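I opened my notebook to look up a few things in this entry. My plan was to take one topic at a time.

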Amino acid sequence: MSETKAPLESSERFKPVATRRDFLGLAAAWSAVAAFVMAMLGAMRLPMPSVFPESNSRAKLGRPAAFAKNSTTYFPKQRLWLFRGEDGFHALSSVCPHLGCIVERKEGGQFSCPCHGSKFDVEGNLTGGPAPKGLVSVELTVSPEGQLVADTLQEVPRGTVLNA
Amino acid sequence: MTKDDKGSTATVETSEARDKGDSPLREFGANLVSTPREFRDSVVRHGKPTSDRAKSQVVMSNFFLHILPVRIHMHSLKAATTLGLGVATFVLFIILCFTGVLLMVYYKPAVDQAYGSMLDIMNVVPTGRLIRNVHRWSAHAMVACVFLHMARAFYTSAYKKPRQFNWVVGMGLFVLTLALSFTGYLLPWDQLAYWAVTIGANIAQSPREVTDALGVTGVFDVGGVQKELLLGAHMVGQEALIRFYVLHVVVLPVITAILIGVHFWRIRKDGGMVRPAAADAPPVAPVLSAEPAPLKTYGLMGLMKGRTPAVNLELRNTVTAWPNALYVIGAATMVTVLSMLLLGFWFDAPLKEMANPAVPENPAKAPWYFLGLQELVSYSAFMGGVGIPAIVVLGIALVPFLDREKEDAGVWFSGKRGKIVTLYSVLFGTVTVVGMLCFTVKFGWLRDWEATAHVPQIVITAFNPGTVFVALFALWSIVVVKVTRSTRMGAIALFTCFLVGFVILTYFATVHRGPNWDFYWSQSDWPVH
Ligand code: HEM
Ligand code: FES
């Protein structure tokens, strides 16, 4: 700003609302602002989806009998591993909890992520790298017609096993 | 504006014809013949720009030129003042709009067609390959120019009063430029695009790292909301592609264009380019040519808000914008356009295989200007992707309000002392960042050590190589403020450190990070797979 202009008197700058007319004018102006902001907020609600394209996150994996004991099966589309142990089934998501790359399963059954090198043990627990937590244990259920169903958006506590 | 001699001659002719009592048809014929000239005179209301007065009129009466002052200070036209970087950035933006609209003619934003339409553009569409290449290289160049332009404005103290607000507008443009690049990156729908954007979207979600640690994600899930807004889904897919497309071709360019308008308007209102007091020294060249007295004193029109209200002083060392400024702008434009054309002619923009959501690219590298962040993200998603960038952008935007020292602005590095501080800061920044990188590559970090293998995530979020050197930078600049008793020197120290950190991290992630984000001396050492 030009230095030649005298600074406003502070009393001038913060002049209190003096008259009724000033007050009504200000009230009108601020109501208009508030109405505009609310309208914008309302319009901005649109991009926030209420239904997700993947809302059907449940996928049938097959009949339990189709999987041998102590076997591991990878489902690339659902991005999960299905394990059948001695006492039942459990599933691990292959999406890295760091930034969403797909982790690889190594010879020994451990997992490692190609993107920033997060490492997980055979149970999916975090052992190294930048991921904030371990791989997600995915919920498994059995459908009425006897199919194994995985819901990739439902997490279950580690060690949960489905007897089927 | 004043009516010009030429325009009035034409009018006289026709009225003469009427006086003679000629038929209306004759008059119509005469009008028809003189229409091209009449039309020209209605567009350009002044004579040839030979006099200072006419040159002023050219600039003032032309919609596109009136963004320029009538007279411009010679210091502003010197190459060393701006390095032409702002103009280059603007020209790149125009090139991008132009080539972008051409690409839109063939591009289809659908997951099953996008990649195919890119192949078409590259291999079938006439000039498609060149246009795509120019678009891609100009995008990279715009990011580079915006960085350098910001650095130039910083080191010449152009952010000081009265230009504080324009600096903030500039920061807005900086963020918008990066957002434009990021949204454009997804559109080819190739492997590189898919995985870089997957990582980007999960960075948007990374505040969960903190809300999870505090146990409040259930009620206050900023990260989740951000990712859902960006992708319209949980994964990068059709919804995300359309959203990115809309942002890339409409929302962001329009906002950017408006902000560029504000940016330019403020430059005029703030008194043109910043210049040191020495530039107002007695004239080094004759200023006003001996022209017949103008109708108006355009010196007054060129009056700028400067240090002094002395009108005469303002005219010192100025030249008419037409054609002097236009030569300079034209030269910068030519260089920019030519380099983009040559780049586009010789080098093809990369296009990998089509996106495959089942198999990540390894390594999945973002575009170069995000690679520094990607290195930080490999320590902590939240700090590297959200925390540190937010601190840096906010910090830089607030510089003019934190450093209000009155000094001779427009001097590179604020003189000798600033140069020394810059040099020491480059040294400090290099040692800190290279040191931390070597340490991390050699010894790992908390989780790799037995004693700290199981520290909670929040500790790593707060204390990782990235936060350590940001803290060291802050410390260093505080020391500089103490020693030099100058906030400007402190600002130089901090800004230089950030710049050095950015350059080194970008280099490091580009050259030395390979598959699994492991360290390699060069790409030829990468394991084959
Ligand atoms: C789309 C991005 C941008 C465009 C097109 C742009 C364009 C320009 C142009 C043409 C100028 C005239 C001087 C010159 O050529 O250097 C200028 C000046 C300026 N710009 Fe930018 N700019 C952009 C971004 C930025 C950024 C990121 C900053 C800093 C945060 C910034 C801060 C300034 C300042 C402070 C000036 C006044 C310089 C002075 O008085 O010497 N601008 N800009
Ligand atoms: S995405 Fe797996 S480590 Fe980063």
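**Interface.** I kept in mind that this is a predicted model. I began with the two chains. How many residues of chain A are in contact with chain B? I found 31 residues of chain A in contact with 35 residues of chain B. Next I looked up the buried area. Chain A and chain B bury about 2,800 Å² between them. Carbon and sulfur atoms make up 62% of that area. I then checked for salt bridges between chain A and chain B, and the count is zero. For polar contact, I noted five residue pairs between the two chains, both residues at pLDDT 80 or more. Strand β8 (residues 126-128) of chain A gives the largest share of the side that touches chain B, namely three residues. I also sorted that side of chain A by class: 18 residues are nonpolar, eight are polar and five are charged.

**Metal site.** Which residues coordinate the iron atom of ligand 1? I wrote down B:His149 and B:His263, each through NE2, at 2.0 to 2.1 Å.

**Backbone.** The peptide bond from B:Lys161 to B:Pro162 is cis, and I noted omega near 5°. I placed B:Pro162 in the loop between α8 and α9 of chain B.

Note on methods. Residues are numbered from 1 along each chain as its sequence is written. Chains are lettered from A and ligands numbered from 1 in the order in which they are written. This is a predicted model: local features need pLDDT of at least 70, side-chain atom pairs count only at pLDDT 80 or more; totals for chains, interfaces and linings use all residues. Side-chain values use heavy atoms; hydrogens and water are left out. Contact means heavy atoms within 4.5 Å. Buried area is the accessible area (1.4 Å probe) that two parts lose on being put together, summed over both. A salt bridge is a side-chain nitrogen of Lys or Arg within 4 Å of a carboxyl oxygen of Asp or Glu. A polar contact is a pair of N or O atoms within 3.5 Å; within protein, one must be able to donate a hydrogen and the other to accept it, and residues adjacent in sequence count only if both atoms are side-chain atoms. Helices (H or I, at least four residues) and strands (E, at least two) are DSSP runs, numbered from the N terminus. Ala, Val, Leu, Ile, Met, Phe, Trp, Tyr, Cys and Pro count as nonpolar, Asp, Glu, Lys and Arg as charged, and the others, Gly among them, as polar. Donors are N, O and S atoms within 2.8 Å of the metal (3.2 Å for Na, K and Ca); water is not among the atoms, so sites may look incomplete.
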